[in-house]
Amino acid sequence: MTISQRSRAAQLIAAKGQTVTLTRRAAGSYDTATGAAAITTSTQTGQGVVLPMSAFRKASDAVVVEGDRQLLLSALTSAGVALTAPVVDDTVTLADGSVASIVAVDPLSPAGMDLIYDCTIRKAA
């Protein structure tokens with residue numbers, strides 16, 4: 001796989017998808033004065049296509065529950081640079097403003113280069 005193929009995959013997703021914001025919250029350094037770790041938040045903007053979950057996937061994947069959806073997320077940000085791979089518990093804000101949590105991620109990485117991330121998303125509580 002080449003960088004041009006990754007770019008082509010991003011173009012196809014952008015043509016049929018929507019802008020999404022990927023948010024990751026992580027514990028920062030421990031503050032002895034407060035007795036807690038600071039929470040840091042990082043965001044990335046990319047393109048994704050949200051699809052209903054297929055019946056096959058519902059039947060074969062123990063992670064999937066009613067109402068889950070599939071997000072095909074480009075491996076490139078809106079700026080065209082490599083997206084930091086999403087992880088379980090990241091959140092995505094969709095174009096309509098709704099927020100969903102990522103409950104599973106499967107990268108599509110032929111020859112070791114991520115092209116897209118196949119994410120299972122669940123409406124945030």
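Hi everyone. Let me start with a cut-off: a residue is called exposed when its relative accessible area is over 50%, buried when that value is under 20%, and partly exposed in between. Is Ala111 buried or exposed? Its relative accessibility is 72%, so Ala111 counts as exposed. You can find Ala111 in the loop between S5 and S6. There is something else to notice in its backbone: Ala111 has a positive phi of about 60°, although this residue is not a glycine.

Before we go on, please keep in mind that what you see above is a predicted model.

Now, the overall picture. The protein contains two helices and six strands. Of the 125 residues in the protein, 32% are buried. The accessible surface is about 7,200 Å², and carbon and sulfur atoms account for 57% of that.

How does the chain meet itself? Take the contacts with a separation of 6 or more: 55% of them involve residues 24 or more positions apart.

Let's look at the strands. S4 and S5, the latter covering residues 99–108, pair in the antiparallel sense over three bridges. At this pairing, Thr93 stands opposite Val99 in S5. The two strands form a hairpin, and five residues lie between them. In that turn sits Gly97, with a positive phi of about 90°.

Moving along, S5 also pairs with S6, again in the antiparallel sense, and here there are eight bridges. Which residue in S6 is the bridge partner of Asp106? The partner is Asp118. Another pair to click on is Ala104, which stands opposite Thr120 in S6.

S3 and S6 run antiparallel and are joined by six bridges. Here you can look for Ser74, opposite Ile116 in S6. And how many of the eight residues of S6 are buried? Six are, and S6 is mostly covered.

Next come the charges. The protein has 10 positive and 10 negative side chains. The centres of these two sets lie 7 Å apart. Some of the charged side chains meet each other directly, and the count of salt bridges comes to two.

In one of them, Arg24 joins Asp90, with 2.8 Å between the closest N and O atoms. This pair links distant parts of the chain: Arg24 is in strand S1, residues 18–31, while Asp90 is in the loop between S3 and S4, 66 residues apart. Asp90 has 3%, so Asp90 counts as buried.

The other salt bridge is between Arg122 and Asp68, and again the closest N and O atoms are 2.8 Å apart. Arg122 lies in strand S6 and Asp68 in the loop between helix H2 and S3, so this pair ties together parts that are 54 residues apart in sequence. Arg122 is partly exposed, with a relative accessible area of 26%. Asp68, at 4% relative accessibility, counts as buried.

Let me finish with two loop residues. Glu66 is found in the loop between H2 and S3. With 72% relative accessibility, Glu66 counts as exposed. Its C-alpha atom is 9.0 Å from that of Met53, a residue 13 positions away along the chain.

Then there is Asp89, in the loop between S3 and S4. Why does Asp89 count as exposed? Because its relative accessibility is 65%, and the cut-off we began with is over 50%. Asp89 is not a glycine, yet its phi is positive, at about 85°.

Note on methods. Residues numbered from 1 in each chain as written. Predicted model: local features only at pLDDT ≥ 70, side-chain atom pairs only at ≥ 80, totals over all residues. Heavy atoms only, no water. Salt bridge = Lys/Arg side-chain N within 4 Å of Asp/Glu carboxyl O. Helix = DSSP H or I, 4+ residues; strand = E, 2+ residues; numbered from the N terminus. Buried < 20%, exposed > 50% of the residue type's maximum accessible area, 1.4 Å probe, protein only. Contact = heavy atoms within 4.5 Å. Areas by Shrake-Rupley, 256 points an atom, 1.4 Å probe, with all protein chains shown as cover. Lys, Arg positive; Asp, Glu negative; His and termini not counted. Charge placed at Lys NZ, Arg CZ, Asp CG, Glu CD. Pairing = 2+ DSSP bridges.
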